[in-house]
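Colleague: Before I rely on the terms used for this model, could we go through them one by one and set each value against its definition?

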Amino acid sequence: MQTRSTLSLLALATSLTCSFAWAHDGAHKAAHQGGIQAPAVKKTGKPPFDIIHTKVTTEGNTAIFHMAVSGKAGLSRPTKSGKLAGSQVFSYVWPTSLDPSTVGFEPKAGILAFAVTSHPDFDDTPLFDENGDGNATNDGNVWHSHWVVLQPDDACGKGALKVVDIPEGAKPKLPKTWPGLPILIDSPGWSPKISQDTVEVRVPFDDIGAVNAGSFDGVTAALRVNASVHNPLLCVVNVFKVASGNLSLPGKVNQ
């Protein structure tokens with residue numbers, strides 16, 4: 001037979017557990033307020049990429065890129081093929097209205113997008129050892145961040161986008177952390193935080209005013225390295241979902 005004190009302790013424990021769960025659920029819901037809301041479309045078969053919310057906010061000179069999905073974020077990654085040509089890249093992407101010069105590319109070079117990607121067949125972050133094994137060239141499968149500049153190119157499919165190629169011999173302005181690939185990509189090393197249904201990255205800026213005045217969208221997609229490993233080198237071949245539905249960049253920073 002339980003004593004009154006035991007029953008009281010059980011009741012207290014239950015109350016605290018319920019309070020914690022309610023507070024956690026409330027905080028979780030609050031984190032997904034504002035920005036662009038999108039209905040879940042689980043029939044896509046890829047809940048880890050089924051965007052239900054995305055936003056960009058700022059704190060001081062830091063921008064926070066946030067995306068929530070209907071499934072477990074980061075759960076699905078490309079299958080390793082063992083070769084670069086034709087290999088896949090899975091990505092969570094925030095296309096923006098920011099000029100590419102904001103992060104060190106040539107002005108008006110294309111659509112500047114921030115991306116969190118995974119690709120087991122190659123490593124494009126030579127300055128960073130994401131998996132902590134002492135080898136900075138074997139961790140492309142670990143979710144990591146990039147800036148990329150995008151442009152339409154029908155060579156990737158009618159109306160499809162590519163990461164802009166750098167023609168042989170050209171010397172465009174590039175960020176200091178450009179990884180050496182012949183495309184407009186930057187590997188700045190900002191580590192994504194992936195938890196439950198959310199992908200979030202904190203990105204510092206020299207000029208946060210440009211970010212505050214910008215707009216954005218949210219996209220999940222698969223990209224593919226060209227089978228000839230040539231121009232276009234990296235194509236967007238399968239868009240899983242666009243938060244706005246039409247890539248109109250309706251999201252306003254801090255709203």
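Predicted model: local features only at pLDDT ≥ 70, side-chain atom pairs only at ≥ 80, totals over all residues.

Colleague: What makes strand 2 and strand 3 a pair?

Modeller: Strands are DSSP runs of E with at least two residues, numbered from the N terminus, and two of them pair if DSSP finds at least two bridges between them. Strand 2 and strand 3 (residues 62-69) are joined in the antiparallel sense over eight bridges, so they count as paired by that rule. Within this pairing Val56 stands opposite Phe65, and the two strands form a hairpin with two residues between them, where Gly60 in the turn has a positive phi of about 60°.

Colleague: How do you know that strand 1 and strand 2 pair as well?

Modeller: Strand 1 (residues 36-37) and strand 2 (residues 51-59) share two antiparallel bridges, and the rule asks for at least two, so the pairing holds. Ile36 has Thr54 of strand 2 as its bridge partner.

Colleague: Why are the rings of Tyr92 and Trp143 called tilted?

Modeller: Rings of Phe, Tyr and Trp (its six-membered ring) pair if their centres lie within 6.5 Å, and planes under 30 degrees apart count as stacked, over 60 as edge-to-face and the rest as tilted. By this rule there are 11 aromatic pairs. Tyr92 and Trp143 have ring centres 5.3 Å apart and planes at 55°, so the pair is tilted. Tyr92 in strand 4 and Trp143 in the loop between strand 5 and strand 6 are 51 residues apart, and both residues are buried (under 20% relative accessible area, with a 1.4 Å probe and protein chains only).

Colleague: Why does the pair of Trp94 and Phe114 get that label?

Modeller: The ring centres of Trp94 and Phe114 are 6.0 Å apart and their planes stand at 40°, so this pair is tilted. Trp94 lies in strand 4 and Phe114 in strand 5, so the contact ties together parts 20 residues apart in sequence.

Colleague: Which residues form one aromatic cluster with Tyr92 and Trp143?

Modeller: Phe49, Phe90 and Phe240 form that cluster with Tyr92 and Trp143.

Note on methods
Residues numbered from 1 in each chain as written. Heavy atoms only, no water. Helix = DSSP H or I, 4+ residues; strand = E, 2+ residues; numbered from the N terminus. Buried < 20%, exposed > 50% of the residue type's maximum accessible area, 1.4 Å probe, protein only.
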